Amino acid sequence: MYSAIKIGGFSLSIAACLLIGLYIKDELSYDQSYPDTNRLYRLVEYYTHDGKVEKGDDYPAPISKALKSDFPEIEKSGRLMPNSLFYGAGSNELRRADQVENTHEEGFCYADQEWLDALKLPMVYGDRAKALAEPYTMVISKKKADKYFPNQNPVGKVMFLNNDQTKPFRIGGVMENPSTTSHLQYDFYLTLNGVEFYKGEQTNWNASNYPDYVLIKPGTNIAQLEQKITRDIEKNYILPALISISYKDAEKELQKLSFKLQPISDIHLYSYDVQDEFQHGDIRFIWLFGAVAGFILTIACINFVNLSTAKSANRAKEVGLRKVVGSTRTSLINQFLAESMLYSVISFSAGIVLAWMLLPYFNLLASKTLIMPWGALWFIPVILGAAFIVGIIAGIYPAFYLSSFMPASVLKGSISTGSKNSLLRNGLVVFQFTTSIILIISTFVIYNQMKFILNKDIGYNKDQVVMLQGTNTLGDNGVRNLKQDLMKLSSVKSVSISDYLPIEGTKRNGNTIYNEGKSKVELGVSTQFWIADDDYLKTFGIKLLEGKNFAAVGAPDRDPQGVIINQTMAQKLNLKHPIGKIITHGGDVMRIIGIMKDFNYESLRQPIGALCLFQGLSPSIVSVKVAGGDVHSTLEQISSIWKNLSPSQPIRYTFMDERYAHMYTDVQRQGSIFTSFAVLAIIIACLGLFALAAFMAEQRSKEIGIRKVLGASVQSITRLLSLDFVKLVAIAIVIASPIAWWAMNKWLEDFTYKVPISWWIFAIAGTISIIIALITVSFQSIKAAVANPIKALRSQ
C-alpha cells in the first residue's frame, strides 16, 4: 500500500508537471523562427496619463519612412494594418475572380513590402522581394492556396473581396502557413502600396493606426536608440504636427510620451498591458502555471518523505543489523537513495503514460494543440535527468535520517515508537493542505467572478439578438432591403444595421472630441465614435435618458449633424445640460440630440469610456432582435430571406450572448485549470494522509487496545485518532486564507467590475478540506477502533 501511494502520488504529479512543462515550452517558443529574430523589434508607445502608464502599438502612417531615413541603426522598417475599421482588414467575403460564390474568411491584414522583407517569411510560390511591391497585390498562406487553387501555383491569379470588382487583388506570393507559435495569425496580407484610407492619410502625423516593426543592425545599443527615437521623432515630427492643429500644451504633453523597442519574441507573453490587435498570452500566467506544477510535485515529494520517515521504526532493526555486520553510513545512504531513485524512475514512467493519456483533455482545457515530443532529442535526457534529480531531492532527507540510527539503541528497541510525533511530518502535512486550500479558494473566486460577468447588468440586452455577418456584400441598398424584409417577420422585434457593437471583434474608432471653440484651449475627450442607425438603441435595449433618438432616413425632422452621447462623455465634456450643445472633431461639427445611459461596450476589465453615436451606414453586420418561442423557425425564415437576396453567399450568423460569453473564455479556462489542479492536489495530499493515518493507527495499536479494555467506545477512539489530523488541516486553513485572499485580489485587479471576496468562500473551502481529511482518515481510524484489542495486547 505504501509503495502504491508513493508511486501513485508521484506519477500523478509528474504527469501534471509534464503537461504544464509542455505548455510553458510552447508559450516560450513564440516568434523564435524568424531568421533574424534577435534583431526584430516592435515599436511600443508609453504614455503616462493620470499617473498610469498606457502602452500601445499604433503609429501615424509616415513614421515607418521616418525611422528608416533618420536612424542609420535601423536596417528595415515596415508597417502592418490589422484594424478592421479600415476596409479589407479583419474578415472579408472572398472569391476567385472566375467564380461567383463567396466564402467568409478571417485573418486579413495590410502589410508593407519592407515588413515582409524584414521578417523574411518563408515562401512556397512567388518572389518574396516583389510579392507586395505593387498596388492591389496580396500574399496568402499555403492552406488558403490549397483551398482556392488546389494543385496549382496561384501567383498571378485574381480574387475579389466583398464582391468589389473595382479592386481586384492579384496574388503576389504564397507563404508557408503561419506557425502556431507566432503572434501573427494571418492568412492574407494585402499590400499597403498605393493605399490611402482617406485623403492625406499617408502623410498625417495626427492619426495613429499602424503597428511598426523594425530590423536593427547588428551591434546596436537598443537603449540609446530608444532615446534617440523618442527625442527626434517627437521634436521633428509629432510636435510640429500638434502645433499645426493648435494642440493645447503640446510640449508638456510630449514629456509624458516615450518610445520603446520590444523584441519580437517578447510580444506574445509581455504584451498583456499593451493595447494592440493581437491575441497573446501572459507571462504572469506562465509563472503561475510553473508555481502550481512546483507545488504539486512538492506535495508528492512530501508524501515520500513523510512515509519514509514514518516507517522508520519498521526499518530501524534493518539499519542496526546492517551496521553491526559492517555496513557504513555511506553505503546505507546510497542504498536508500537508490530506492528513492527507483521509485522516481517507476513514477516517471507511469507519469509519462498518464500525461500522454490526459493530453487531449489538457489541450481542450488550455486551448492548445500540444503533442508528446517522443522523437525530440532532448526528451529522454530531460526525463532521465528529472527522474534522477527528483529521486535525490525526495530521498535525501529519509536517507540521512534512517542511516543515522545507532545500532545499540535500535537493537534494544528504544526507537520502536520514535516516530509517533514528528514536527517535520506535521509541518509537511500542513504545507500540503495549505497548497490545496489556496487552489480551492482560487477556484471559487474565479467561478464567482465568471458568474458575476455573465449575469451583470451591462446596460444593454444581448439576449435573443441574431448577428447576420458579411451583409456588406449586398451593397447599401441591398442591406436596407434586407432590413425591410426582416422587419416584415412577425417574430422579429427590431433590426439594426451597424458593425460597431458592444462585443469584441467588431469595429472600433477612437477619436478626440472637443466642446465648440475649445480645441485650442482644452485637451479634448478621447471617445469611441460609432456609426449607428435609428433602430440601434431599440435593438439592444439601450435606454435613452434625455433628448431624442435618430430619425429614420428621409424623415423631415432628421438632423444630419445629430449625435447621441453616453453619460460618461457628457461628464468628461463637463456638460450639465448637453442637449443642443455643439461638439467638434477636426473639421466636423456635431449637435448633441440625445443622452443614452452608460453601458459596458468593452470588456468588464475596463471602465466605461466616452461613446458617441452618429447616424450612418456601416453594413457588414445586421443585428436582428427576435421574439422568444420558436427561434428555430425564425432562423429558417431569416435564412430564406437571405438566400433570396444573396444566393451565391451562404448565410452566417451568431447569437450576441454567445459572442459576449466568448469574450471571457480565458476566465472560464482559468477556472477549469484551477479546478483540475485543486482536485489533483487534494488527491495527492489525501493519498499521503491516508497512508499516514494507517501508519499512525498501526503505531498506536497497543494504546488503542488498552483504551478499549478500559472501556473506551469506538466513537471516542475514532475521534481521538482523527482529531490530530483535523488540527493540522485547521492550521492549514489559517495559513492558506490570507495567502489566497492576497493572490485573488491581485488577480481581480485586472477587472474594473468585480465581485468582493466573501467570507463564505473561505468557510466553504475550509469545510470541504476538513470533510475530505475526515473521510480520508476515518477509514483507518474506524478500522483501528473496531479491531480486537487482544490482537494488539496478546504479546504483552
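Here is a walk through this predicted model, from its strands to its cores and aromatic rings.

Let's begin towards the start of the chain. Strand β1 covers residues 40-49 and strand β2 covers residues 52-56; the two run antiparallel and are joined by five bridges. If you want a spot to look at, find T48, whose bridge partner in β2 is V53. Together β1 and β2 make a hairpin with two residues between them, and D50 in the turn has a positive phi of about 55°.

Next, move along to strand β9, residues 169-175. Six of its seven residues are buried, so by the under-20% cut-off for relative accessible area this strand is mostly covered. Which strands pair with β9? Strand β6 (residues 123-125) does, antiparallel and through two bridges, with Y125 opposite V174 in β9. Strand β7 (residues 137-141) pairs with β9 in the parallel sense, over five bridges, and here T137 stands opposite R170. Strand β8 (residues 158-161) is antiparallel to β9, again with two bridges, and M159 of β8 has F169 as its bridge partner in β9.

While you're in this part of the chain, have a look at G107, which is found in strand β5 (residues 103-111). Its relative accessible area is 12%, so G107 counts as buried. What does G107 touch, once neighbours within four places in sequence are left aside? The contacts are G90, Q185, Y186, D187 and F188. The C-alpha atoms of G107 and D187 are separated by 5.5 Å, although these residues are 80 apart along the chain.

Further on there's an open sheet of four strands, in the order β15-β23-β14-β24, with antiparallel pairing. β15 (492-497) and β24 (653-655) are the edge strands, each pairing on one side only. On average, neighbouring strands of this sheet are turned by 20° against each other, direction ignored. At the β24 end, three bridges join β24 to strand β14 (residues 465-469), and M467 has T654 as its bridge partner. Helix α13 (residues 475-487) lies across β14, β15 and β23 (621-626), and runs at about 170° to β15.

Now for the interior. In soluble globular proteins, nonpolar side chains tend to be buried together. Here the largest nonpolar core has 139 residues, and those touching the most other members are Y23, F289, F433, Y460, Y536, L613 and Y660. Helix α18 (residues 665-699) supplies the largest share of this core, with 18 residues. To see one of these residues at work in the packing, select L613: leaving aside neighbours within four places in sequence, L613 is in contact with W530, A532, Y536, L537, F550, V563, I564 and M596. There is also a second, separate core of 24 residues, which includes A66, I74, I222 and I229.

The aromatic rings are worth a tour of their own: a search of the whole structure finds 26 aromatic pairs. Take W530 and Y601, whose ring centres are 5.3 Å apart with planes at 75°, so the pair is edge-to-face. W530 lies in strand β17 (residues 525-532), while Y601 is in the loop between β21 (588-596) and β22 (610-615), so this pair ties together parts that are 71 residues apart in sequence. Are these two residues buried or exposed? W530 is buried, with a relative accessible area of 0%, and Y601 is buried too, at 6%.

Y536 and F540 give another edge-to-face pair, because their ring centres are 4.9 Å apart and their planes are at 65°. Both lie in helix α14 (residues 536-540), four residues apart, which is about one turn of the helix. Y536 is buried, at 1% relative accessible area, and F540 is buried at 0%.

Elsewhere, ring pairs link Y23, F285, F289, F362 and F677 into a cluster. K167 lies over the face of Y87, at 4.7 Å from the ring centre, and the charged end of R284 sits over the ring of Y272, 4.0 Å from its centre.

Note on methods:
Residues are numbered from 1 along each chain as its sequence is written. This is a predicted model: local features need pLDDT of at least 70, side-chain atom pairs count only at pLDDT 80 or more; totals for chains, interfaces and linings use all residues. Side-chain values use heavy atoms; hydrogens and water are left out. Rings of Phe, Tyr and Trp (its six-membered ring) pair if their centres lie within 6.5 Å; planes under 30 degrees apart count as stacked, over 60 as edge-to-face and the rest as tilted. Buried means under 20% relative accessible area, exposed over 50%, partly exposed in between (1.4 Å probe, protein chains only). A charge sits over a ring if NZ of Lys or CZ of Arg is within 6 Å of the ring centre and within 35 degrees of the ring normal. Two strands pair if DSSP finds at least two bridges between them. A nonpolar core is a set of buried Ala, Val, Leu, Ile, Met, Phe, Trp, Tyr and Cys residues joined through side-chain atoms within 4.5 Å. Contact means heavy atoms within 4.5 Å. Axes are lines fitted to C-alpha atoms, for helices over the stretch in contact, and angles run from 0 to 180 degrees between N-to-C directions.
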